[in-house]
Every structure is written in structure tokens, then in C-alpha cells.
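Below is a brief report on one structure. It covers cavities, a metal site, ring pairs and backbone angles.

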Amino acid sequence: MIRCLLAFVAFAALGGAAAGQAPLPFVLKQVGPGVYAAIDGPEHKAGSNAGFVVGDDGVLVVDALFTEDAARALVGEIRRITPKPIRYLVNTHYHADHTGGDAVLREAGAVIIAHKNVRGWVRTNNVDLFGERITPELKARIEALPLPDVTTDKDLTVWLGSRKVVVETVLGHTGGDLIVSVPDAKVLFTGDMLWRKVPPNLIDGSVREWLATDAAFERVAGTTFVPGHGDVADARDVADFRSYLTDLRRLVGEGRKAGRNGDALTEFVAPKMRALHPDWTISDRAIAFEVKYMAAELAGTKKRLVPVPD
Ligand SMILES: [Zn+2]
């Protein structure tokens, strides 16, 4: 009986949740003084990673996860750590696995900051992202997502009292990407500009731009990176991710030169990518899409999103 009780208390403490509540859909990790990463769990209930920065007079949140339940759990963790107001939410890009919980953060008081292209894309292009897997419920939810309050195509500095947070526009993942750094903690929230040991979604991307952006990521030695997917990362993980993209581009190029396309191209590339990156989790579905999008980029037929006028 006592052992049962102790086990239950340990479970509740680990989950960071009060008795009777579901365990968190992410693991909360402190990555600097007052800087936290919410890392999606193995069941992918959060859909992506997020994080937050506690300053003198408020909190800035980076990304809102996929579901409103996950976003509510994130707000709960912020409330457990600080009573300071949640003042800002930065969306790193429009994809629903990062913006799905936006309404919860806005309800909690956040002004939503995003790249200027996100306003035109968040309620429409997310439907395409899910393709035939979309349900009527998900479609309705996407079409009701909040539009960002502050949009920019320039870098911004957000001051949380004396704490400086830098929001930068970068190229590569969607055509409307922001990254967020906390210089005093040497932390960089990369959104989907960095994935750790899981294949990136190239649907809207340009691998050429992406590699150039990530080459400049380690401006300060010892930086901690919070990727969009996968665990907290360091400079070796950035190099590993860049070599993944470089290998993909090279192998897809070799396969095309040998006259392969479609499934035959995927069958040529997939085993070589798995051999080169044995510690990555590379599903058949993910590699098939990556090969398709990489081949389109090399052929000059890759579809990129077009900015919508305000
Ligand atoms: Zn994304």
C-alpha cells in the first residue's frame, strides 16, 4: 500500500501534474536561467517543441504546440514557475504543429508575433499540409486559428524589462520563418530551422537557403539550441543536421543522374540515408516525402509559398 502510494507520488512529481491530471504531453527542460524548453514526448502528443523565457516583468513564449490541450499544459507549467504575465507569443512559422495552440496563449494574455507572411498562410496553407489525412474537425480548427497581432519581415528586439530577446527573420523552412535568441543565456530557439535526429519536413522549404541559414547558427560558442522537433541540441547536432541535408541533396542528385524518379528514387536514397545516419529515426513515409521535395528542388520545379498581400 505504502509502496503504491510512493509510486503514485513519484509519478505525479515526474509528470509535473497534480494528482488526477494527465501527464504532460512534453518534457519541460530548463536550458538557461529562466529559459525553458518544452520537448515533445515519444508519443508526439505536443506535436512539436516550444519554450518560454521569463524576464523581469513578463514571459515570452516561443510556439504554441499543436493541440489546445498541449498549449494549456504549457500555460500550466509557466504558471507553476512564475506568476509574471504572459506577454508575448512568437510563432516561428505558420505550420499548425507550432500554431495550433495559439488561441490558448492569446487567451492567457499573449500578443502574437509572427513573420508577416504567417497572417496570409496560417488559416489556408495548413490545410494543404495535412493533405488527405485532414479531418473536418481539424480543417475547422485551422480555419479558426488566431491571426498574429504583430507581423514583421525585419528583426525585432523584445525587452522583458532588462532582459533582451532577439527575434530574427531567416530563410529556409517556409518562406516566413523566425528564430528567437536569448543572448544572456546563450539559447537559440530555432523553430523548424533545426531538427534533431528526425527527418525535417521539406514541404515548403528550400534546402539551399536552409543550409546557408544553419551554417551561421553557432555565433556564440556553447550555444544551446531548442529545435522544432527532437531533443535539446548543441553545435554537433547542428552540424549533424546540415550533413543530413547535404547527404540527402547529394544522393537525390546521384539517383536522378542515374535516371531514377518516384519510388525507384526513394528506394535508391532511403537505405543510404539510414546507413549514413543510423541514430536517426527515418520512417518510410518521411523519407519518401523528403526525396520527392528534394528532387523537385533540384529539378527547379519546387513549389514555394507565395506571400499574400496584407
Ligand atoms: Zn514546420
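Which strands each supply at least two residues of the lining of the largest cavity? They are strand 3, strand 11 and strand 12 (224-229). Helices and strands here are DSSP runs numbered from the N terminus (helices H or I, at least four residues; strands E, at least two).

## Basis

This is a predicted model, in which local features need pLDDT of at least 70 and side-chain atom pairs count only at pLDDT 80 or more, while totals for chains, interfaces and linings use all residues. Residues are numbered from 1 along each chain as its sequence is written, and side-chain values use heavy atoms, with hydrogens and water left out.

## The cavity

A search of the whole structure finds one cavity of 30 Å³ or more. The largest cavity has a volume of about 60 Å³. On a 1 Å grid over the protein atoms alone, a cavity is a set of points where a 1.4 Å probe fits but cannot get out. Lining residues have an atom within 4 Å of a point. Grid points are joined across faces, edges and corners, and a volume is the space filled by probe spheres set on the points.

The lining of the largest cavity has 13 residues. Nearest its centre lie Asn 49, Asp 63, Gly 191, Val 226 and Pro 227. By class, the lining divides into five nonpolar, seven polar and one charged. Ala, Val, Leu, Ile, Met, Phe, Trp, Tyr, Cys and Pro count as nonpolar, Asp, Glu, Lys and Arg as charged, and the others, Gly among them, as polar.

## The largest pocket

A pocket is an open set of points with protein on both sides within 12 Å along at least five of seven lines. The largest pocket has a volume of about 1,400 Å³. It is lined by 42 residues, and Arg 133, Trp 195, Asn 201, His 229 and Arg 285 are the closest to its centre.

Two or more lining residues come from each of strand 2 (35-40), helix 6 (125-130), helix 7 (136-143), strand 11 and helix 11 (284-299). Helix 11 gives the most, with six residues. The lining of the largest pocket comprises 16 nonpolar, 13 polar and 13 charged residues.

## The zinc site

Four residues coordinate the zinc ion: His 93 through NE2, His 95 through ND1, His 173 through NE2 and Asp 192 through OD. The distances run from 2.1 to 2.3 Å. Donors are N, O and S atoms within 2.8 Å of the metal (3.2 Å for Na, K and Ca); water is not among the atoms, so sites may look incomplete.

Why is the arrangement irregular? The four donor atoms subtend angles of 89 to 170° around the zinc ion. Four donors count as tetrahedral if all angles lie between 85 and 135 degrees; four count as square planar and six as octahedral if opposite donors are over 155 degrees apart and all others between 65 and 115; anything else is irregular. The donor spacing in sequence is H-x1-H-x77-H-x18-D. His 93 sits in the loop between strand 5 (86-90) and helix 3 (96-99), and Asp 192 in strand 11 (residues 187-195). The pair links distant parts of the chain, 99 residues apart. Both His 93 and Asp 192 are buried (under 20% relative accessible area; exposed is over 50%, partly exposed in between; 1.4 Å probe, protein chains only).

## Aromatic pairs

Rings of Phe, Tyr and Trp (its six-membered ring) pair if their centres lie within 6.5 Å; planes under 30 degrees apart count as stacked, over 60 as edge-to-face and the rest as tilted. The count comes to seven aromatic pairs. Tyr 36 and Phe 52 are stacked, at 4.9 Å centre to centre and 20° between the planes. Tyr 36 lies in strand 2 and Phe 52 in strand 3 (residues 50-54), so the pair ties together parts 16 residues apart in sequence. Tyr 36 is buried at 13% relative accessible area, and Phe 52 is buried at 0%.

Tyr 94 and Trp 121 are edge-to-face because their ring centres are 5.7 Å apart and their planes at 70°. Tyr 94 is in the loop between strand 5 and helix 3, Trp 121 in helix 5 (residues 118-121), 27 residues apart. Tyr 94 is buried, at 1% relative accessible area. Trp 121 also counts as buried, at 1%.

## Positive phi

Most residues other than glycine have a negative phi. Asp 63 has a positive phi of about 70°. It is in the loop between strand 4 (59-62) and helix 2 (68-81), and it is buried at 2% relative accessibility. Lys 186 has a positive phi near 55°. Lys 186 is in the loop between strand 10 (177-182) and strand 11, and is partly exposed, with a relative accessible area of 37%.
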